[in-house]
Every structure is written in C-alpha cells, then in structure tokens.
Amino acid sequence: MLRDSASRESLSRGRLNFEGESRFRTCFQRDRDRIVHSSAFRRLKHKTQVFIEHEGDYYRTRMTHSIEVAQVARTVALALGLNETLAEAVALAHDLGHPPFGHAGEETLQRLMEPYGGFDHNAQAIRIVTSLERHYAGFDGLNLTWETLEGIAKHNGPMLGDIPYALAEYNRRHDLELGAHASLEAQVAAVADDLAYCSHDLHDGLRAGLFSTDELADLPLLGECFADVDSLHPGLDRSRRQHEALRRFFGLMVEDLIAESSSRLAELAPDSPTDVRRAGKPMVRFSGSFQERKRVIREFLLDRMYRAPEVLEMRRHVKKTIEALFPTFMARTELLPEQWHRDVEAAGGETAVARIVADYISGMTDRFALQEHRRLCG
C-alpha cells in the first residue's frame, strides 16, 4: 500500500502533449517502457562506466549500471511504500545524457561547450527525452509525464543558481519546479545510483586487479562482511569469498538506507508529494554513521581505482578523441549525418550549431567515437 506522500498515477500532472490513457498500463509504466525502448537507452550498452566499453566483457557499462540502479530503486521504493514504477523509470533514465567515455567525456565536452552554454549530463538527459528522440508521429521526444521528467532533472536535489541551458530551455515550456526537492521516488533513484556504483566498482576493481581482497578486508564495513563469510564458510575459494562478502556489503547498504529513510519519513510525516517537495531537505538518505564509513570506501576507490595510472592514461587518450572530433564537426558540419546536417542548416548562429554538434557527440557510444576519430582524424 502506498503511503500518503508517494506519487500516484491518478494524480499525475500529465504530459506536455496530451495523449489518451492506456487500457493496460499506468502512465508511469508507459514512461518506463518508452525509456527502455528508446535509442538512447540502447546506446548505453556501449558507453563507459569506469572502464572503456571494449576493455572487457565483464565490466559494467552504463546500461548494466542503470539496470542495477533500477533494481535497487524498486526494492527500496517497495519497502518504503512508494511508487515502485516511477522510481524505476527515473532510475533507468538517469544516465541517458552521459556522453561516451564516462566522466572523462563529460568533463571534456563541458570544457569545449563553455563558450556555448556548457554541458551537463542530467540536462542532456532531459534534452534527449523531450527533443532528440524522434520516433513518434505526434511529438519529438518521449512525451513523459511531469513526474518522470522532474525526477530526471533534479533527482540529485534542487537546481539552484545557473541552470544548464538544455534544462532551462525545456523548463520555460514546462515548469518542473527546479528549485524544489524532487519526489520521494526520484530521491530513491538518486541514492540507489550511489549505492549501486559503490558496490559494482568494488567488483570491477577486483576483476581488473587494481586492488586485492585483503585490502578490501581492511576497510570499514567490508572487513565485517569478510569476517562473517570466513566464519560461516571457512576455506571458501577466492571468487566465492569475494562475491559473498560484497553481497553482504550490498545488503548492509540497502538495509541502512531503508531504516534511515523510514525514520526520517516517520519524523517529518509528509502528507503528500507536495509536502516532500517543500520540506527543504531530502528524506531518503543513509544514516550519518553509515555515510561516514562509506566515505572511507569511496576515498579508497578514488585513490586506487578512479586515479589508477592505467585508468588515467585511458582518460587522457579518450579526452583527445573528443577534443579532436568537436572542432572537426564545427568546421565541417557536412560531415554530420543527413538529419543532423539539416538541423545545422536550420540553426541560427554558432551557438546553435555547437549545441547540435554536442548533441551528436554526446550520443555516440565509446566504440563509435573511436571509429569516427580514426576515420576523420587519422
């Protein structure tokens, strides 16, 4: 049963372009299905999480990460009495705007786009689902509900100060109340993202040989998990021992998140989604003590994984790829595919052209960006 502060399909603020309701699916289910069937979601299969997509078949990509985030979001939303489908839809869409090569690609594109309004992956996700997906006869984009769009735009918190141009452009047509907090379901998706990548980066770092099991066992929380496994399953082989310990760590994170969020909701007692948006602070969070111990693990990953020499070397390489592609397309827009070239011809001024070029590059997969770099730049 949904709590009073959960989002309800029957009270949805609807879609920018009116559509009749489905006889078989709720409005949030339709949102989720449109996201899954979008071209942008399919491209996540070949986009970097930490390791470049082609470096190994077992490492996470943006798509597998998004699926894991959605699984966590469904679990937490159900436990808290929230709308499971809305949380899942936001989770599946939260990374649609990421360019190729992960954060290295985003940092590079942001720097190149500074003279033209900048680049932000959350804002780009909104641009994708409201404009760049062009498959439906009656509208551009996916025509998602207000609640799903709100969750994509500000699941990480209110948007204060300068609003990225892609988001500001859409918000002028369809007010997403950017200065307020998002729904509880969007907050769940945001923390599920944090939980999922903390867990799977440990898996991927071990597989890549960037650190050892013994080093993980010296960290808070993880040490307890390894000790539990050794007590229950003495002599377990290395692979199973790692999996069992990290599975327990994953469970501890989920349990703490549900317990702390339940406590906050009981204390604040919001009566509606509107109360949640006006609360002035997030309600879905880890406990303070757990957050501190998790911070130590994040610092370990930052030092041993994200700043590992081999990872930094690949980041330098892929940054050069985007640094070469952007000015090439800006100088020779005829190299863009036909539809994109038509958009350039209809655009007015250099800034509009730069935004189209950024749209095109950000939509590339890792492998396509590398192929285009070889083809156009040698």
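Q: Hi! Let's start with α4. How many of the residues of α4 are buried?
A: Hi! In this predicted model, 9 of the 10 residues of α4 are buried, so the helix is largely enclosed by the rest of the structure.

Q: Okay, which ones are buried in α4?
A: They are Thr85, Leu86, Ala87, Glu88, Ala89, Val90, Ala91, Leu92 and Ala93.

Q: And what do the buried residues of α4 pack against?
A: Their partners are the helices α1 (27–36), α2 (39–43), α3 (62–80), α6 (121–132), α7 (146–154) and α9 (184–208).

Q: What happens at the start of α4?
A: There, asparagine 83 has a side-chain oxygen that comes to within 3.2 Å of the backbone nitrogen of threonine 85.

Q: Now histidine 94. Where does it lie?
A: Histidine 94 sits in the loop between α4 (84–93) and α5 (102–113).

Q: Is histidine 94 buried or exposed?
A: Histidine 94 counts as buried, because its relative accessibility is 3% and the cut-off for buried is under 20%.

Q: Which residues is histidine 94 in contact with, leaving aside its neighbours within four places in sequence?
A: With those neighbours left out, histidine 94 touches His65, Ser66, Val69, His121, Asn122, His155 and Asp193. There is also a polar contact of 3.4 Å between the side chains of histidine 94 and aspartate 95.

Q: Switching topic: how many disulfides does the structure hold?
A: The count is 0 disulfides.

Q: Is cysteine 198 buried or exposed?
A: Cysteine 198 is buried, at a relative accessible area of 0%. Cysteine 27 counts as buried too, with 6% relative accessibility.

Q: Let's do helix pairs. What describes two packed helices?
A: The angle between their axes and the distance between those axes.

Q: So what are the angle and distance for α12 and α14?
A: Helix α12 (residues 238–268) packs with helix α14 (residues 288–306) at an angle of about 145°, and the axes are 11 Å apart. Their crossing is left-handed.

Q: Which residues meet there?
A: From α12 come Phe249, Leu252, Met253 and Asp256, and from α14 come Phe290, Lys294 and Ile297. That contact is made up of 5 nonpolar, no polar and 2 charged residues.

Q: And α3 with α12: is that crossing left-handed or right-handed?
A: The crossing of α3 and α12 is right-handed. The two axes cross at roughly 35° and come within 10 Å.

Q: Which residues of α3 and α12 meet?
A: Gln71, Val72, Thr75, Val76, Ala79 and Leu80 of α3 meet Phe250, Val254, Leu257, Ile258, Ser261 and Ser262 of α12. They divide into 8 nonpolar, 4 polar and no charged residues.

Q: What about leucine 78, buried or exposed?
A: Leucine 78, which is found in helix α3, counts as exposed at 59% relative accessibility. From leucine 78 to glycine 141 is 29 Å in space, C-alpha to C-alpha, and 63 residues in sequence.

Q: Last one: where does threonine 351 lie?
A: Threonine 351 is in helix α17 (residues 350–362). This threonine 351 is partly exposed, with 31% relative accessible area.

Note on methods. Residues are numbered from 1 along each chain as its sequence is written. This is a predicted model: local features need pLDDT of at least 70, side-chain atom pairs count only at pLDDT 80 or more; totals for chains, interfaces and linings use all residues. Side-chain values use heavy atoms; hydrogens and water are left out. Axes are lines fitted to C-alpha atoms, for helices over the stretch in contact, and angles run from 0 to 180 degrees between N-to-C directions. Helices (H or I, at least four residues) and strands (E, at least two) are DSSP runs, numbered from the N terminus. A crossing is left-handed if the near helix is turned anticlockwise from the far one by less than a right angle, and right-handed if clockwise. Contact means heavy atoms within 4.5 Å. Ala, Val, Leu, Ile, Met, Phe, Trp, Tyr, Cys and Pro count as nonpolar, Asp, Glu, Lys and Arg as charged, and the others, Gly among them, as polar. A disulfide is a pair of cysteine sulfur atoms within 2.5 Å. Buried means under 20% relative accessible area, exposed over 50%, partly exposed in between (1.4 Å probe, protein chains only). A polar contact is a pair of N or O atoms within 3.5 Å; within protein, one must be able to donate a hydrogen and the other to accept it, and residues adjacent in sequence count only if both atoms are side-chain atoms.
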